[in-house]
Amino acid sequence: MKAETPWETRTDFAVVRRSTVWEILTSEKYFKWTLLIPLLVVLAIFMLYPLLYCAYYSFHQWGMRGEAIYVGAQNYRQLLNDKAFLEALYRTLKVLVICVSCELLIGLGLALLWSRNFPGENVVRGLALFPLLVAPLILSLLWNFMFEYDFGAVNLVLQALGLNKVYWWSPERALYTICFITIWQWFPFATFVLVAGLRSLPKDVFEAARVDGASPWYTFRRLTLPMLSPLIMIIVVLRTMWLIRLFDPLYGTTRGGVQTELLDWIVYRTAFVYFDIGYGSTMAIFSLVLTIAVCAVMFKILMKALGGAH
Amino acid sequence: MKYRAWVSIGMVAILVLGFACMVLAQEKFGLKDIPEIKNKKAINMIVETGAAWDKVIEYIKQFETATGVKVNIERVASPVVYSKENVELMAGTGYYDVVYVETSWTCEWSDYLWSLEELAAQYDPKGVEGFQEDIQNISPVLLRCGQAYGKQMVLPFYTYHMGMFLRQDVYDDPTEQAAFKAKYGYDLKPPTSYKELYDQAEFFTRKKGDALKGQPLDHDLYGVAMMAGAYQINDEISCWIWGMGGDYATVVKNPDGTIKEFVITGKDKDALKQALTQYKDLLKFAPAGCLTANFDFACAQQGEGFAIIQPHQFASLFTWTADLLKEKVPDGRLGIYPTIGGQPYTGAWSLGVAKASKNPEAAYWLVRYIASYDCQKVLMKEGGQFSARMDLLLDPEFHSAETEYPLGLTCSYLVDIWKAQAPYVDNYWYFNTKAGGKVYEMQMNVLHKPMADASTIDECIRELVDKTIELTSKFDTVPIREE
């Protein structure tokens, strides 16, 4: 006798009847996929379709008028010889390294301090969250005023302390000023992830180390850091993804001027200012591939770290 | 006696009738003149964020009540207006019925907008004549900026025509006048040439502790405040090159007035090189922050008393800067003059009707209504913007003893400069090409580069010429070439 499948139902007359779509969707075997359908549809419409559309246009020349002209890999060749794009890429990588390192160092330092109980801890932690709660664009506008040379708050404080004013937005410093604004906004993210991590570490291991006479530095290096490494990798992966797409601090300050144009800004300028959709799509695809590649490497390291931690 | 009484009554009647006729003749277009709108479909429009529109929105509600047409208003910051509307217009969605237009986009969007004359012919009981009669009070410069190929596509509602702001109190000071004459050999007066501007910028650049008007300064003083950031530098450079008789490209016309081609002439490139060189020279006398500055920083520098001259600034910001100066430097007073060469950057925020609109009838009347005297007055008095209507700018209410400075002064400046500049506007390249909006955005980035030492002036000109040709070839059908 043939085994019954969800598509077929035996009847008294031994005639094979095909199951209805409803029966298939609600069957034990396929119900889990049924539940995933809405999500898959949303992802297909809002992620896959634009992505494929973007990839398609990266091989075309199109300015939103008339027919798109197929140009093969010309946009990609142009990209590799585009000085402005390569400069923006270099700056983005520079910002990435500076911001991730500083945010981690500050975050770890503060997490070590704040993981202990102290008077007013809730107020301090609440205030530290504040930069994360403000819209990035508003924040960049505020810092733009604060760093103004003649009447910005920062230089006024420096002058009150008897120091010289600093030209924060000079072509030499502007990129670092952008990094500062970004770090200022995002260090609480690293801090709070690591505080949560530190608080969940098993106490018995640390007590054993203390009984064995391990120094605080040795304990930190050999116990705390390895056990925090999965969280550190998560912070690095997430921040890398976000920093490759850094945009808001530029919008409220230099608007890509004084040699601060980053990858996302040049994509925006090309695609939504010049409306050069073809070349802009090429840049966007490159940016996506870069993010995936960097994150894939980091994810591999993360998995290794997770394995090590366990 | 009876005869005299009749004569008197007759004379009074003639006077009353004459007066009534005058009043009727001067009566401006308003809500009452909008006929019954047959199409009652709701219309959508974008409106900039900011106080200027808050009160006008209340007036738009009156339009809704009077016409029975709902107006859905979406408020966005001005830098994103272009990209939001552009996508909808190109896709022909008709999502925005009333389109918010910066005048340099008029030609670019002309394929997607109704000509207002066409709509007047269709919906206005007074026809095209009635429409033209009403708009004759609008600045001729701004009306031309709102035309594409001879058709009126949009109506301006507030202007950002530029001017030169300077510290009038300093220029009028006898100590400064004498010191200037002793050093440079000619009288201190608002500059009308680059050399004069350079001399005066140099003369007024002083260190903390030096004297100004005989009083020691408690801060550094700069000769000029400029907007060299990658946002409005191109508006300043436009003033410069137009003032020298150049442009980003020269418009070559056929005998019938149609456009034959655009040519980036040697004269255009020379003017650009001269403008960029002089601009960079002047930065020596400007605050360091100018490299990232937009209008707000430049005005704040002057309003705080840190800078003497803004060589190019939007005239609509004169009152704000003057008020700030009065607060910070009580005896300070500003003057407003034409930029060097007398052809400042011009334009206005305007409104047009999308071709894909589902209710062009209501959209047309809303555009007319917002451009009307009453609405413009609200925008000007309560929104602090400067109307595109000359009859409003000359309203005695803005020229009384209390309002003459700084409001009336700006109004008079605008009316005078519009009259003087009107003959030139027709040939400005921005207002003749469909690539104007794209090139304008590109210029912000490219023209800023030599100021931030990211390129040399020659590299900047090369890049500007190449990209202008590339964008124009892509977005306009008129051929462009380099001479």
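This report walks through some features of a predicted model with chains A and B.

**Chain A: domains and helices**

An assignment divides chain A into domain 1, covering 8–57, and domain 2, covering 82–309. Between the C-alpha centres of these two domains of chain A there is a distance of 42 Å.

Now pick out two helices of chain A, H4 (residues 83–114) and H10 (residues 216–244). Their axes are 10 Å apart, and the helices pack at an angle of about 145 degrees. The crossing of H4(A) and H10(A) is right-handed. Which residues meet here? From H4(A) come A:Thr92, A:Val95, A:Leu96, A:Cys99, A:Val100, A:Glu103 and A:Leu104, and they meet A:Ile232, A:Ile235, A:Val236, A:Arg239, A:Thr240, A:Leu243 and A:Ile244 of H10(A).

Helix H9 of chain A (residues 203–211) is hardly covered, and among its 9 residues the count of buried ones is 0. Just after H9(A) you can find A:Gly213, which has a positive phi of about 85 degrees.

**Where the chains touch**

How many residues of each chain are in contact with the other? Chain B gives 26 residues and chain A gives 22. On the side of chain B that touches chain A, the elements giving two or more residues are the helices H3 (78–91), H12 (295–303), H18 (436–448) and H19 (457–475) of chain B. Of these, H18(B) has the largest share, with 5 residues. This side of chain B is made up of 13 nonpolar, 8 polar and 5 charged residues.

**A sheet in chain B**

Next, look for an open sheet of 4 strands in chain B, with the order E10-E13-E7-E14 and mixed pairing. In general, strands of a sheet pair through backbone hydrogen bonds, either parallel or antiparallel. At the edges of this sheet are E10 (222–224) and E14 (334–337) of chain B, each pairing on one side only. On average, and with direction ignored, neighbouring strands are turned by 25 degrees against each other.

Two of the pairings are set side by side here.

| Strand pair | Sense | Bridges |
|---|---|---|
| E10(B) and E13(B) (residues 307–314) | parallel | 2 bridges |
| E7(B) (residues 162–167) and E14(B) | antiparallel | 4 bridges |

You can follow each pairing at one pair of residues. B:Tyr222 stands opposite B:Ala307 in E13(B), while B:Arg167 stands opposite B:Leu334 in E14(B). In E14(B), B:Leu334 and B:Ile336 point one way, B:Gly335 and B:Tyr337 point the other way, and all are buried.

**A closer look at B:Met226**

Finally, find B:Met226 in the loop between E10 and helix H10 (233–243) of chain B. Why does B:Met226 count as buried? The reason is that B:Met226 has 29 C-beta neighbours inside 10 Å, and a residue is buried if 20 or more other C-beta atoms lie within 10 Å of its own. Leaving aside neighbours within four places in sequence, the contacts of B:Met226 are B:Glu236, B:Leu282, B:Leu283, B:Ala286, B:Cys290, B:Ala293, B:Ala298 and B:Pro311. B:Ala148 makes another reference point: from C-alpha to C-alpha, B:Met226 and B:Ala148 are 32 Å apart in space, and they are 78 residues apart in sequence.

Conventions
Residues numbered from 1 in each chain as written. Chains lettered and ligands numbered in written order. Predicted model: local features only at pLDDT ≥ 70, side-chain atom pairs only at ≥ 80, totals over all residues. Axes fitted to C-alpha atoms, helices over the stretch in contact; angles between N-to-C directions. Left-handed = near helix turned anticlockwise from the far one by under 90°. Contact = placed C-beta atoms within 7 Å. Nonpolar A, V, L, I, M, F, W, Y, C, P; charged D, E, K, R; others polar. Domains from an automatic or database assignment. Pairing = 2+ DSSP bridges. Buried ≥ 20, exposed ≤ 12 C-beta atoms within 10 Å, placed from the backbone.
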